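Let's take a friendly walk through this structure, one stop at a time. Have the model open beside you as you read.

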Amino acid sequence: MNPLYHQAKFVLSAPGLDSAPADSGREVAFAGRSNAGKSSALNTLTRQKSLARTSKTPGRTQLLNFFNLNEQQRFVDLPGYGYAKVPAKVKRQWHDLMETYLQERQSLYGIILVMDIRHPLTEFDWQMIEWCAYTKKPLHILLTKADKLNYGAAKNTLFKVQRELQEQDLSVTLQLFSALKKSGIDDIHELLDSWFEAE
């Protein structure tokens with residue numbers, strides 16, 4: 001377990017790239033459908049209860065939220081997609097914000113895509129997967145809320161998602177994760193270590 005991630009500090013929320021931190025160093029962005037457990041995953045892997053705001057109301061993350069690990073390494077919490085009960089105009093703004101960030105942010109290294117294990121591979125998830133394939137950005141899937149299924153069912157879902165990705169000839173890594181049980185933390189830390197240290 002790398003203590004670097006426990007040092008994560010909130011820097012700012014940006015409505016667009018013009019107000020984001022300087023585009024230097026390396027960033028790992030967390031994406032996912034609203035209510036997939038993205039904020040809980042971020043809080044769990046950083047051992048901080050309220051680093052990212054969790055809410056029973058899906059769609060609370062509406063801006064790009066930046067968290068510094070050190071001067072050159074950051075996490076970014078992207079707006080949750082696909083579920084929030086907000087006006088269509090607001091959804092379009094979120095979509096445009098995400099698209100601009102994903103296309104133009106030079107310091108973005110890889111994406112952690114958070115999916116509720118009970119509802120994996122939604123249409124929006126596939127859009128993110130295809131975007132990563134197109135731009136050749138590393139992608140790692142966290143199947144969250146693994147505690148909601150028994151171990152056998154959770155493993156079966158993991159293998160099913162893996163097969164579907166392989167059928168599309170996509171090179172994606174994935175794992176089970178539970179914020180409640182604190183399981184899967186070492187795996188995600190190991191992956192983040194490899195991304196932040198990669199040449």
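Keep in mind as you look that the model is predicted. Counting ring pairs by a rule on the distance between their centres gives six aromatic pairs.

Next, turn to helix H1, where you will find Asn 43. Is Asn 43 buried or exposed? Its relative accessibility is 7%, and because the limit for buried is under 20%, Asn 43 counts as buried.

Now follow the chain into the loop between helix H1 (38–45) and strand E3 (64–68), which holds Arg 47. Although Arg 47 is not a glycine, its phi is positive, at about 55°. Arg 47 has a relative accessible area of 61%, so this residue is exposed, the cut-off being over 50%.

Our last stop is another loop, the one between helix H3 (123–135) and strand E6 (139–144), where Lys 136 sits. What is the phi of Lys 136? The value is near 60°, again positive in a residue other than glycine. With 72% relative accessibility, Lys 136 counts as exposed.

Note on methods. Residues are numbered from 1 along each chain as its sequence is written. This is a predicted model: local features need pLDDT of at least 70, side-chain atom pairs count only at pLDDT 80 or more; totals for chains, interfaces and linings use all residues. Side-chain values use heavy atoms; hydrogens and water are left out. Helices (H or I, at least four residues) and strands (E, at least two) are DSSP runs, numbered from the N terminus. Buried means under 20% relative accessible area, exposed over 50%, partly exposed in between (1.4 Å probe, protein chains only). Rings of Phe, Tyr and Trp (its six-membered ring) pair if their centres lie within 6.5 Å; planes under 30 degrees apart count as stacked, over 60 as edge-to-face and the rest as tilted.
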